Every structure is written in C-alpha cells, then in structure tokens.
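Notebook open, one chain to go through.

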Amino acid sequence: MNVAPRVLNVLLLAVSVQAALAQLVVYDEAVGTGFEDWSYGGGSDFANTTPVHGGTYSIALSGNAWNAVSFHHAPGALATADWPLLKLWVHGGSTGGQQLQLIVQHEGEVVAQAPLGAFLASGPTAGTWREASIALAQP
C-alpha cells in the first residue's frame, strides 16, 4: 500500500513501548532516554503547551503529505518480542478526522504500516485525547 503519511494538527503525548511489566518511554515531556528525534519535513513542536494530556508538553505536528514525527533508537537495542505493545495518545486538534499513518522501520526499511484509524475507531477526534494501543509482536 503506497499511502503517504498525512497528518494535520495532531498532538501526541506519552508514546511508550510496553513490555509485560515495564515501559520504555519514547516521549513524555521530552524524547526518552536512548531515543532521538528524527522527525522530518518541518511542522513538529516537541514543546507544545496546549493542549497537553498530562504534564507540561505534548508533540504538535502541523502536517502535510511529506512530513512526520519520527523517533530513532540505536540498532539492535529493541526487539518487538521484548516490547510487544506501543501505546500513544492522539488529540484531533480543533477539527479531528486526520488521516494518519503508523510506519515501523527496521534498519531503514519499512517492515509494517497501517492507518492509525485501525487502532482508533473513527480516527482522531476533535478536542479529545484518545489512546491507541498497537500490538507490535506477531502472534
């Protein structure tokens, strides 16, 4: 499927990968330990102050078809078998209904992608924070 990621006024907070009893925080007020901001195309703000889900900051992205919020972690350091669940909070801004694409890469290659709406019934909702839980490990 060749669908360009398209994000407009979407806010993300507290992105984490979860193991059975532990969490590896990707973003919560700042980029998590061991991760780097590899966002591209402009329009991302990692110190957005309104709205926030909790705390002081969220990530805001004023998007187009060719930009994205993107995180990088050192190669070989993460395995989906160890961290099988990705959780993130999404706010639909003032309009909601954004068409978002979640893309997972390994060593620069796309290994999985899906519309975020598959994990958020009806997609991002205007004025509302909603949690998306994405299973990363294959059964």
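My entries below go from the overall fold to the cores.

Ground rules. I'm working on a predicted model, so local features need pLDDT of at least 70 and side-chain atom pairs count only at pLDDT 80 or more, while totals for chains, interfaces and linings use all residues. Residues are numbered from 1 along each chain as its sequence is written, and side-chain values use heavy atoms, with hydrogens and water left out.

Fold. I looked up the elements and got zero helices and ten strands, counting DSSP runs numbered from the N terminus (helices H or I, at least four residues; strands E, at least two). Along the sequence that reads β-β-β-β-β-β-β-β-β-β.

Contacts. Taking contact as heavy atoms within 4.5 Å, I find that residues 24 or more positions apart account for 66% of the contacts with a separation of 6 or more.

Burial. Of the 139 residues, 35% are buried (under 20% relative accessible area, 1.4 Å probe, protein chains only).

Main core. Which residues make up the largest nonpolar core? I get nine: Leu-86, Leu-88, Val-90, Leu-100, Leu-102, Leu-116, Leu-120, Ala-132 and Ile-134. A core here is a set of buried Ala, Val, Leu, Ile, Met, Phe, Trp, Tyr and Cys residues joined through side-chain atoms within 4.5 Å. Strands S7 (85-91) and S10 (129-135) are the elements giving two or more residues to this core, and S7 gives the most, with three.

I then checked Leu-102: beyond its neighbours within four places in sequence, its contacts are Leu-86, Ala-112, Gln-113, Ala-114, Leu-116, Phe-119 and Ile-134.

Second core. I also noted a separate one of five residues, including Tyr-27, Phe-46, Leu-61 and Val-69.

Technical notes:
Buried < 20%, exposed > 50% of the residue type's maximum accessible area, 1.4 Å probe, protein only.
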